[in-house]
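Biologist: Before we build anything on this model, I would like to go through it with you step by step, from the whole chain down to single residues.

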Amino acid sequence: QVRVEESGGGLVQPGGSLRLTCLAFGDTSGIYSVDWHRQVPGKRRELVASIKSSGAAAYADFAKGRFTISRDNAASVNTVHLQMDRLSPEDTAVYYCLARISSLGQDGYWGQGTQVTVSS
């Protein structure tokens, strides 16, 4: 069993930055990747960025050049960060962390989410 916790959300002005953190607890040996998703009320949850246990990272088009996903330990994905720069109001959403256990689909463990609000 794996427990996932997100932190770091908050209110930021347009153009500002936030750093989200995803912590995975428990038996994390089977984690394939840690993915950040976001969701706005009334819309589908969308993938923001992903980092595999190998260290390979991938980004949604809207995140490229502004967001950076990283991990603290090259040997694990127990602690993953999402650095978000040049934020805009369109980035306002609840951001969720998924500790994925399969290369297919979204099988894994979700956190409860952290609210990010970009507003002046």
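Modeller: The questions and answers below concern a predicted model, and they go from the overall fold to its strands and then to a few residues.

Biologist: How many helices and how many strands are there in the protein chain?

Modeller: From the N terminus on, the order of elements reads β-β-β-β-β-β-β-β-β-β-β. The count for the protein chain is accordingly 0 helices and 11 strands.

Biologist: What radius of gyration does the protein chain have, and what would a compact globule have?

Modeller: Along its principal axes the C-alpha trace spans about 40 × 30 × 25 Å. For 120 residues a compact globule would come near 14 Å, and the value for the protein chain agrees with this, being 13 Å.

Biologist: What percentage of the contacts with a separation of 6 or more joins residues 24 or more positions apart?

Modeller: Contact here requires heavy atoms within 4.5 Å. Among the contacts in the protein chain with a separation of 6 or more, the share from residues 24 or more positions apart is 52%.

Biologist: How far apart do the centres of the positive and negative side chains lie?

Modeller: The accessible surface comes to about 6300 Å², and carbon and sulfur atoms hold 47% of that surface. As for charge, the protein chain carries 12 positive and 11 negative side chains, and the distance between the centres of the two sets is 4 Å.

Biologist: How many of the residues of E9 are buried?

Modeller: In a regular strand the side chains alternate between the two faces of the sheet. In E9, Ala93, Tyr95, Cys97 and Ala99 point one way while Val94, Tyr96, Leu98 and Arg100 point the other way, and every one of them is buried. Over the protein chain, buried residues make up 40% of the 120 residues, whereas in E9 the buried residues number 8 of 8.

Biologist: Which residue of E10 stands opposite Ala99?

Modeller: E9 has several antiparallel partners, among them E4, joined to E9 by 7 bridges, with Gln39 and Val94 as bridge partners. Strand E11 (residues 114–118) pairs with E9 over 3 bridges, and there Ala93 stands opposite Val116. Strand E10 (residues 108–110) is likewise joined to E9 by 3 bridges, and the E10 residue opposite Ala99 is Tyr109.

Biologist: Is Thr28 buried or exposed?

Modeller: Thr28 lies in the loop between E3 and strand E4 (33–39), where, leaving aside neighbours within four places in sequence, Thr28 is in contact with Val2 and Asn78. Its relative accessible area is 16%, and because the limit for burial is under 20%, Thr28 is classed as buried.

Biologist: Which residue has a positive phi although it is not a glycine?

Modeller: The residue is located in the loop between E8 and strand E9 (93–100). Its phi is about 50 degrees, and the residue is Arg86.

Technical notes
Residues are numbered from 1 along each chain as its sequence is written. This is a predicted model: local features need pLDDT of at least 70, side-chain atom pairs count only at pLDDT 80 or more; totals for chains, interfaces and linings use all residues. Side-chain values use heavy atoms; hydrogens and water are left out. Helices (H or I, at least four residues) and strands (E, at least two) are DSSP runs, numbered from the N terminus. The radius of gyration is taken over C-alpha atoms; the globule rule is 2.2 Å times the number of residues to the power 0.38. Buried means under 20% relative accessible area, exposed over 50%, partly exposed in between (1.4 Å probe, protein chains only). Accessible areas come from the Shrake-Rupley method with a 1.4 Å probe; for residues, only the protein chains shown count as cover. Lys and Arg count as positive and Asp and Glu as negative; His and the chain ends are not counted. The place of a charge is taken as NZ of Lys, CZ of Arg, CG of Asp or CD of Glu. Two strands pair if DSSP finds at least two bridges between them.
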